[in-house]
Amino acid sequence: MNTEAQRNESTSTPAADENQLMAERRAKLATLRSQGVAFPNDFVPADRAADLQARYKDVTREQMEAGTPVEVSVSGRMMLKRVMGKASFATIKDGTGTIQYFVNIAGVGDAAYEAFKHFDLGDIVAARGTLMRTKTGELSINCTQVRLLSKSLRPLPDKFHGLSDTEARYRQRYVDLIVNDETRTTFIARSKIMNAIRSFMTANGFLEVETPMMQPIPGGAAAKPFITHHNALDQAMYLRIAPELYLKRLIVGGFERVFEVNRNFRNEGVSPRHNPEFTMMEFYAAYTDYHWLMDYTENVIREAALAARGTTLLSYQGKDVDLGKRFDRLTIVEAIQKYGPEGGHVYTTEQLADAAFLRAELKKLGAHVDGPQLKNAAVGALQLALFEEVAESRLWNPTYIIDYPVEVSPLARASDTREGITERFELFIVGREHANGFSELNDPEDQAARFHQQVAAKDAGDDEAMFFDHDYVRALEYGMPPTGGCGIGIDRLVMLLTDQPSIRDVILFPALKKED
């Protein structure tokens, strides 16, 4: 028996050098090529493993033997193989699950059985036959035909340990999906979450739309964009940091409820919470405000939780999270006083209204108070910075932080009753931001003034400040009805609902440094 065949049957045998194993497999492929078509494309499976397992789960071995034979055809990747003289077993995995092949000379003939003995783990193997149960009760296919459809030239990772190296899992997601069922489950859940959200939005009268991914002016968020150049137009273009300003143009145009699920791009750091390319859902509804948005956003998240987990009471990284209760609502000051600093004194309202105290406290905590974003900041922006330092990470159960200052909310509607405050919220769950929304600023003159302030901040060195978007102001000059809008971070929501610690675990192909 050759080295590869031994490895197929027992992981106790020391693994041969991978290059040697690949050489053996290439030799087998060369033999296949000499015999005719090496990668045939004339087999279409009529059955799926999970469907067969579900349909016949209650049918006993005796009932199968006494009844009419059930003819099936299946194809999948061979994950296990046991060769035992004149009869062998193989476990194959298709896109739905696994099922066992029973292969013997009586069923497939001498030549096919001899060929099967040389198939390798990872090969795509098709079979026809009849359903049976083994003596141990495992549903199996008693093969009358077994064929190699695709030769796997690279050996799979050890079948008992899978692909465990974290970076290798991200770089070779295709292998990760083959050998790690948890990974497959996560991305199946992601698809269910997306479907549930889309269904909920359309059921509530929202129209799904698409807006430009490349924009002449990046807008809708405070972030550093990626810059490219369009040769035909001979102008700089930016990968979008948010779709917001285009979606609100559609509100002006008369689409009163719109949403978009798509990628945003921000030229920022990579971490367990951040990927430079990420998925957001943004939605806008005319004749609503931020109070309505908070209620609606709660319902969107609950709908997603029910689709992914079947419940709104979750466990995340070993700690309970209750999405079923009404989400808490606190101002920035209230959150600082309730949650921070951990193990320290409670800040007084007077202290939190004192810019000098806030600067000193932030400096003590290591914040860069002399940088362009805080150097000339007023009390509201300093309060927000202190909140991010001492309270944000402690907001475990769903909490809306509301009433953000005007100076950090250039697109949000200002309060009619409280000077310097906007009708804005951010939603925090398990210590991280999940959503950002507000009553939209629809006063074109106020919006133009806010853009001028952003340009001044950019000129002063804040590379995350916004550009002046003249066309957006022009759109507002045609009149936008009172509107509420919100963005939900889909990747972070999937992290929460699938109990994953890193954003890379919920993005199929996350950003990585170039492989050496």
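This is a predicted model: local features need pLDDT of at least 70, side-chain atom pairs count only at pLDDT 80 or more; totals for chains, interfaces and linings use all residues.

Me: Why is the Y316 and W396 pair called tilted?

Reply: A pair of aromatic rings is described by the distance of the centres and the angle of the planes. For Y316 and W396 the centres are 6.2 Å apart, and the planes stand at 45 degrees. The limit for a pair is 6.5 Å between centres. Under 30 degrees would be stacked and over 60 edge-to-face, and the rest count as tilted. So Y316 and W396 are a tilted pair.

Me: What makes this pair a tie between separate parts of the chain?

Reply: Y316 belongs to strand 12, residues 313-316. W396 is in the loop between helix 15 (379-390) and strand 15 (399-402). The two parts are 80 residues apart in sequence, so the pair ties them together.

Me: How do you know whether Y316 and W396 are buried or exposed?

Reply: Buried means under 20% relative accessible area. Y316 has 3%, so Y316 is buried. W396 comes to 19%, which is still under the cut-off, so W396 counts as buried too.

Me: What makes F451 and F468 a tilted pair?

Reply: Their centres are 5.5 Å apart, and the planes make 55 degrees. F451 lies in helix 16 (residues 444-459). F468 lies in the loop between helix 16 and helix 17 (470-477), 17 residues apart from F451. Both F451 and F468 are buried.

Me: How many aromatic pairs are there, and which residues form one cluster?

Reply: The count is 15 aromatic pairs. One cluster is made of F200, F206, F283, W292 and Y296.

Me: How do you know that a charge sits over the ring of W396?

Reply: The charged end of K319 is 4.7 Å from the centre of that ring. The distance limit is 6 Å, and the charge must also be within 35 degrees of the ring normal. K319 is listed as sitting over the W396 ring. R424 does likewise over the ring of Y404, at 4.3 Å from its centre.

Me: What makes the five strands a barrel, and in which order do they run?

Reply: The five strands close in the order 1-2-3-5-4, with mixed pairing. Neighbouring strands are turned by 55 degrees on average, direction ignored.

Me: Why do strand 4 and strand 5 count as paired?

Reply: Pairing needs at least two bridges. Strand 4 (residues 124-133) and strand 5 (residues 139-150) have 10, so they pair. They run antiparallel. M132 has S140 as its bridge partner in strand 5.

Me: Why is strand 3 called mostly covered?

Reply: Strand 3 spans residues 98-104, and six of its seven residues are buried.

Definitions and conventions: Residues are numbered from 1 along each chain as its sequence is written. Side-chain values use heavy atoms; hydrogens and water are left out. Helices (H or I, at least four residues) and strands (E, at least two) are DSSP runs, numbered from the N terminus. Axes are lines fitted to C-alpha atoms, for helices over the stretch in contact, and angles run from 0 to 180 degrees between N-to-C directions. Rings of Phe, Tyr and Trp (its six-membered ring) pair if their centres lie within 6.5 Å; planes under 30 degrees apart count as stacked, over 60 as edge-to-face and the rest as tilted. Buried means under 20% relative accessible area, exposed over 50%, partly exposed in between (1.4 Å probe, protein chains only).
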